[in-house]
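Please open the model in your viewer and keep the sequence beside it, so that each selection can be followed in both places. The tour goes from one selection to the next and says what is found at each stop.

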Amino acid sequence: MSLESTAISLIYCRQAKGLLEAFAGTIHELVRLHEEQFQAVIEGDVDSMRFDALIHMANECKQEAKYAYLHHLEIHCCSKYGSSSGG
Ligand SMILES: [Zn+2]
């Protein structure tokens, strides 16, 4: 039984998975910051510039994480979604 060779194509690349989770994490962080900013505005803290800086930083982290993930898919050819193309 050589299940291994079949399994390799089915198992999602661990590194890609890690990069995707990191990317998802940065999006989650952005959402959290927006929620905190929303709370601050509700509480009357409309002029909270600290959120603009934090959100800007979180956005840059998100972009980096996204490119790292896409770059990995490109060089490693391990895209989870790349196989089927209908139409
Ligand atoms: Zn990979």
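Select C77 to begin: with 9 C-beta neighbours inside 10 Å, C77 counts as exposed, where a residue is called buried if 20 or more other C-beta atoms lie within 10 Å of its own, exposed if 12 or fewer, and partly exposed in between, the C-beta atoms being placed from the backbone. C77 sits in the segment after α3, and its phi is positive, about 50°, although C77 is not a glycine. Most residues other than glycine have a negative phi.

Before going further, note that this is a predicted model, in which local features need pLDDT of at least 70 and side-chain atom pairs count only at pLDDT 80 or more, while totals for chains, interfaces and linings use all residues. Residues are numbered from 1 along each chain as its sequence is written.

Now show the whole protein as a cartoon, which has three helices and zero strands; here helices (H or I, at least four residues) and strands (E, at least two) are DSSP runs, numbered from the N terminus. Along the sequence the pattern reads α-α-α. Of the 87 residues of the protein, 5% count as buried.

After α2 comes G44, with a positive phi near 95°. Then select residues 49-76, helix α3, whose 28 residues should span 40 Å and whose end C-alpha atoms are 41 Å apart, which agrees.

With α2 and α3 both displayed, how do their axes cross, and within what distance do they come? The two axes come within 9 Å and cross at roughly 165°, where axes are lines fitted to C-alpha atoms, for helices over the stretch in contact, and angles run from 0 to 180 degrees between N-to-C directions. That makes α2 roughly antiparallel to α3, a term for angles over 145 degrees. By class, the contact of α2 with α3 has 18 nonpolar, seven polar and four charged residues; Ala, Val, Leu, Ile, Met, Phe, Trp, Tyr, Cys and Pro count as nonpolar, Asp, Glu, Lys and Arg as charged, and the others, Gly among them, as polar.

Within α2, pick L19, which counts as buried with 20 C-beta neighbours inside 10 Å. Leaving aside neighbours within four places in sequence, L19 is in contact with A68, Y69 and H72, contact meaning that the C-beta atoms, placed from the backbone, lie within 7 Å. L73 is 54 residues away from L19 along the chain, and their C-alpha atoms are separated by 10.0 Å.

Beyond its neighbours within four places in sequence, T26 is in contact with A58, C61, K62 and A65. T26 and K62 are 36 residues apart in sequence and 5.1 Å apart in space, C-alpha to C-alpha.

Finish on E64 in helix α3, a partly exposed residue with 13 other C-beta atoms within 10 Å. From E64 to T26 the separation is 38 residues in sequence and 9.6 Å in space, C-alpha to C-alpha.

Key: Expected span 1.5 Å × (residues − 1). Contact = placed C-beta atoms within 7 Å. Parallel < 35°, antiparallel > 145°, perpendicular 65-115°, else oblique.
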